[in-house]
Amino acid sequence: MSKDLRDDSEEATEITASLNALHIQKRQDYLQWDDYFMATAILSSKRSKDPSTQVGACIVDKHKRIVAIGYNGFPRNCSDDVFPWSKDSDSDSIENKNMYVVHAEANAILNGNGASLDGTRLYTTLFPCNECTKLIIQSGIRNILYISDKYSDKPTYRASKRMLNAVGIIYQQHVPTQRQIVINFDDFTQQQPK
Ligand SMILES: O=c1ccn([C@H]2C[C@H](O)[C@@H](COP(=O)(O)O)O2)c(=O)[nH]1
Ligand SMILES: [Zn+2]
């Protein structure tokens with residue numbers, strides 16, 4: 001290496017060391033995009049009143065903008081305290097929650113305020129059922145990232161995959177880059193000027 005080049009690289013190392021000392025380098029532990037959008041879906045699922053499975057969904061456009069969010073819950077003005085959360089009774093009973101719950105993916109699609117969902121990605125905490133899959137296909141969503149596929153053996157979910165495979169919508173399980181994200185309100189209420 002020429003003397004000039006070595007001097008340059010030594011100078012660069014020194015500058016990096018000085019920036020490190022001043023703490024003005026960019027943060028290294030920022031959230032990766034996929035983790036960010038899936039975490040948004042998870043956060044949304046925390047709004048669900050379903051005692052057994054809380055589902056969250058987040059739809060993102062090609063510019064990495066969140067265009068819609070949703071979670072599973074009863075339709076507007078159908079009280080969470082009046083309608084049943086049970087699914088023990090037979091599936092045709094009007095006391096079964098499945099008669100009433102709007103699924104997270106469906107809510108997200110409906111929450112899109114009429115924006116085109118063509119070419120968007122869906123982040124969902126649960127693999128979509130066949131009914132949601134129909135809406136996903138019709139709305140133009142092209143990719144699905146999910147966390148849980150706990151009902152994969154059920155015909156409903158096998159039908160989903162059959163449709164998704166037929167139309168070429170890509171689905172994959174999300175592999176998080178970080179195992180956990182902690183939200184601590186105190187981190188912000190106790191922030192001091194730097
Ligand atoms: O695509 C789906 C599938 C299901 N959900 C919701 C519907 C219910 O509220 C729960 C599932 O309840 P279980 O007691 O585990 O059967 O998940 C959804 O939002 N999207
Ligand atoms: Zn569904």
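In which helix is K134 found? K134 belongs to helix α4, which covers residues 130–139; helices here are DSSP runs (H or I, at least four residues), numbered from the N terminus.

A word on what you are looking at: this is a predicted model, in which local features need pLDDT of at least 70, side-chain atom pairs count only at pLDDT 80 or more, and totals for chains, interfaces and linings use all residues. Residues are numbered from 1 along each chain as its sequence is written, while chains are lettered from A and ligands numbered from 1 in the order in which they are written. The chain has a mean pLDDT of 93, pLDDT being the predictor's confidence in each residue, from 0 to 100.

Back to K134: this residue is partly exposed because 15 other C-beta atoms lie within 10 Å. Buried takes 20 or more such atoms, exposed 12 or fewer, and partly exposed is in between, with C-beta atoms placed from the backbone. In space, K134 is 9.8 Å from A106, C-alpha to C-alpha, although 28 residues separate them in sequence.

Now look at helix α3 (residues 104–110), where you will find E105. An unreviewed UniProt entry lists E105 under "active site"; such annotations may be inferred rather than shown by experiment. E105 is buried, since 32 other C-beta atoms are within 10 Å. Leaving aside neighbours within four places in sequence, the contacts of E105 (C-beta atoms within 7 Å, placed from the backbone) include A57, G70 and C132.

Finally, turn to ligand 1. It is surrounded by 14 residues (C-beta atom, placed from the backbone, within 6 Å), and the closest are T53, V55, N72, H103 and C129.

Methods:
Helices (H or I, at least four residues) and strands (E, at least two) are DSSP runs, numbered from the N terminus. Two residues are in contact if their C-beta atoms, placed from the backbone, lie within 7 Å.
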